[in-house]
Amino acid sequence: MKHLMRRLTPDPQAMKEDKRFSVFGRWLHDPNLWHLNRRSAAGAFAVGLFMMYMPPFGQMLMAAAAAIALRVNLPISVALVFITNPVTIPPMFYFAYVLGAGVLGQPVAPFDLDFWMDPGNWLAILTPLAIGCLLCAIACSMLGYLAVRLAWRWHVVRHLRRRQARRQTPAAAMPAGGAGLSEPSSSRQT
């Protein structure tokens, strides 16, 4: 799990040198932002999945600021905001709008491009969209945090069980009567 996450995350040195993150200055040199452990990865997923439902302008900077403030893995937090992209934003934000309209008890506008592109309609959809985005952000954040914590724990337990099984060699695999255990394996050891 740790090796997979290391392969998928951006290079820390490249992020430190990126102009967009220069606003954070010396805070980028905190080693906690680059560590990959269960707490840091789970927190980074929570931050990244929360920020993906924020307004699409400045998501990376908001994710970086939250990761620095919470001292969780910065590359994972920033990378996860790219779940929202020009292909995924319309269905994600429309779902958030429908959820917000349902919570407020308002009628849902159809998914019509002309309706959504008309600035006169934006005030009517802003409140349900904001509430829906906040609810989706909280739900995704919590689910991501719990999923990473559980997956990491499952992976560690599985690894420990495998190691324990390797150490406990079955009796059938041992030479009869324990012969050969006290004998040197080569002539150089005598």
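The model is predicted, so local features need pLDDT of at least 70 and side-chain atom pairs count only at pLDDT 80 or more, while totals for chains, interfaces and linings use all residues. Residues are numbered from 1 along each chain as its sequence is written, and side-chain values use heavy atoms, with hydrogens and water left out.

Q: What makes a stretch of this chain a helix, and how many helices are there?
A: A helix is a DSSP run of H or I with at least four residues, a strand is a run of E with at least two, and both are numbered from the N terminus. On that basis the chain has eight helices and zero strands. Reading along the sequence gives α-α-α-α-α-α-α-α.

Q: Why is S141 called buried?
A: Buried means under 20% relative accessible area, exposed means over 50%, and partly exposed is in between (1.4 Å probe, protein chains only). S141 has 13%, so it counts as buried. Across the chain, buried residues make up 31% of the 190 residues.

Q: What does S141 touch, leaving aside its neighbours within four places in sequence?
A: S141 sits in helix 8 and is in contact (heavy atoms within 4.5 Å) with A46, L49 and F50.

Q: Why is A139 described as partly exposed?
A: A139 has 36% relative accessibility, so it goes down as partly exposed. A139 is also in helix 8.

Q: Why does R166 count as exposed?
A: Its relative accessibility is 59%, and therefore R166 is exposed. You'll find R166 in helix 8, which covers residues 122-167.

Q: What makes R162, R163, R166 and R167 a patch of positive charge?
A: Patch members have over 30% relative accessible area and no salt bridge, and like charges are joined within 9 Å. A salt bridge would be a side-chain nitrogen of Lys or Arg within 4 Å of a carboxyl oxygen of Asp or Glu. Lys and Arg count as positive, and the charge of Arg is placed at CZ. These four arginines gather in such a patch on the surface.

Q: Which residues make the nonpolar surface patch?
A: V103, L104 and L135 make it, over about 230 Å². For nonpolar side chains (Val, Leu, Ile, Met, Phe, Trp, Tyr) the joining distance is within 5 Å. One member, L104, is in helix 6 (residues 89-104). L104 has 35% relative accessible area, so it is partly exposed.

Definitions and conventions:
Areas by Shrake-Rupley, 256 points an atom, 1.4 Å probe, with all protein chains shown as cover.
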